[in-house]
Amino acid sequence: MTEHVNTGFERGTDGPKVILAGVDGSQSSLRAAAYAAGLARRQNALLALVYVQPVLAAGASLGAPVGDTTGEIAEGIVREIREAAERLKGIFEVRWQFHTFRGDPYAGLVSAAEELRADAVVVGASEQAGHRIVGSVAVRLVKAGRWPVTVVP
């Protein structure tokens, strides 16, 4: 007799219902969002675009308050996404939502994936040299083993 092992991400459907893409304004994250949009369109799934707003310790920032700066980044990302969606209107439609979570990128994406009940996570490859040694958000998400993770270069 074969024992059934519950892996945690199967929801009893024929395909994903929510595809989460992590966006931070970098070129690789925007490519990840475009790739995830294609997946969502083909699967008739909701595309959840998630920006994780960094939280820095008090006094760690110089100049503009961190909340203002990251808020501007989020607004810029939403503006870019809306413009891209308008250009594609009529060619294909994708249902999408934009969410902002606070925290470090890994913890924020994990929280987002749990709260939004994501079936898959798509992220861009890290553009920081040090991440090749220490480990990127993408590697940590893969190691968590809770969702299928696609890393877009």
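User: How many residues of strand β4 are buried?
Analyst: Strand β4 (residues 120-124) is mostly covered, with 5 of its 5 residues buried. Buried here means under 20% relative accessible area, exposed is over 50%, and partly exposed is in between (1.4 Å probe, protein chains only). Helices (H or I, at least four residues) and strands (E, at least two) are DSSP runs, numbered from the N terminus. Bear in mind that this is a predicted model: local features need pLDDT of at least 70, side-chain atom pairs count only at pLDDT 80 or more, and totals for chains, interfaces and linings use all residues. Residues are numbered from 1 along each chain as its sequence is written, and side-chain values use heavy atoms, with hydrogens and water left out.

User: OK, which residues of β4 sit on which side?
Analyst: Ala 120, Val 122 and Gly 124 are on one side, Val 121 and Val 123 on the other, and all are buried. In a regular strand the side chains alternate between the two faces of the sheet.

User: And what does β4 pair with?
Analyst: Strand β1 (residues 18-22) runs parallel to β4 and is joined to it by 3 bridges, with Ile 19 opposite Ala 120. Strand β5 (residues 149-152) also pairs with β4 in the parallel sense, over 4 bridges; there Val 121 has Val 149 as its bridge partner. Two strands count as paired if DSSP finds at least two bridges between them.

User: What's the strand order in the whole sheet?
Analyst: It's an open sheet of 5 strands, β3-β2-β1-β4-β5, with parallel pairing. β3 (96-102) and β5 are the edges with a single partner strand each, so one side of each has no neighbour in the sheet. On average, neighbouring strands are turned by 25° against each other, direction ignored. Those angles use lines fitted to C-alpha atoms, for helices over the stretch in contact, and run from 0 to 180 degrees between N-to-C directions.

User: Which strands does α1 touch?
Analyst: α1 packs on the sheet against β1, β2, β4 and β5, and its direction makes about 150° with that of β4. Contact means heavy atoms within 4.5 Å. α3 packs on the sheet too, touching β1, β2, β3 and β4, at about 145° to the direction of β2.

User: Which residues of α1 are buried?
Analyst: Ser 28, Ser 29, Ala 32, Ala 33, Ala 36, Ala 37, Gly 38 and Ala 40. Just after α1, Asn 44 takes a positive phi of about 55°.

User: Switching topic: which residues touch the most other members of the largest nonpolar core?
Analyst: That core has 19 residues, and Leu 20, Val 50, Leu 109, Leu 116, Val 121 and Leu 141 touch the most other members. α3 gives the most to this core, with 5 residues. A nonpolar core is a set of buried Ala, Val, Leu, Ile, Met, Phe, Trp, Tyr and Cys residues joined through side-chain atoms within 4.5 Å. There's also a second, separate core of 18 residues, including Val 23 and Ala 45.

User: What is Leu 116 in contact with?
Analyst: Leaving aside neighbours within four places in sequence, Leu 116 contacts Val 18, Leu 20, Ala 48, Val 50, His 99 and Phe 101.

User: Last one: how many salt bridges?
Analyst: The count is 1, taking a side-chain nitrogen of Lys or Arg within 4 Å of a carboxyl oxygen of Asp or Glu. Glu 114 pairs with Arg 146, with the closest N and O atoms 2.0 Å apart. Glu 114 lies in helix α3 (residues 105-115) and Arg 146 in the loop between α5 (137-144) and β5, so the pair ties together parts 32 residues apart in sequence.
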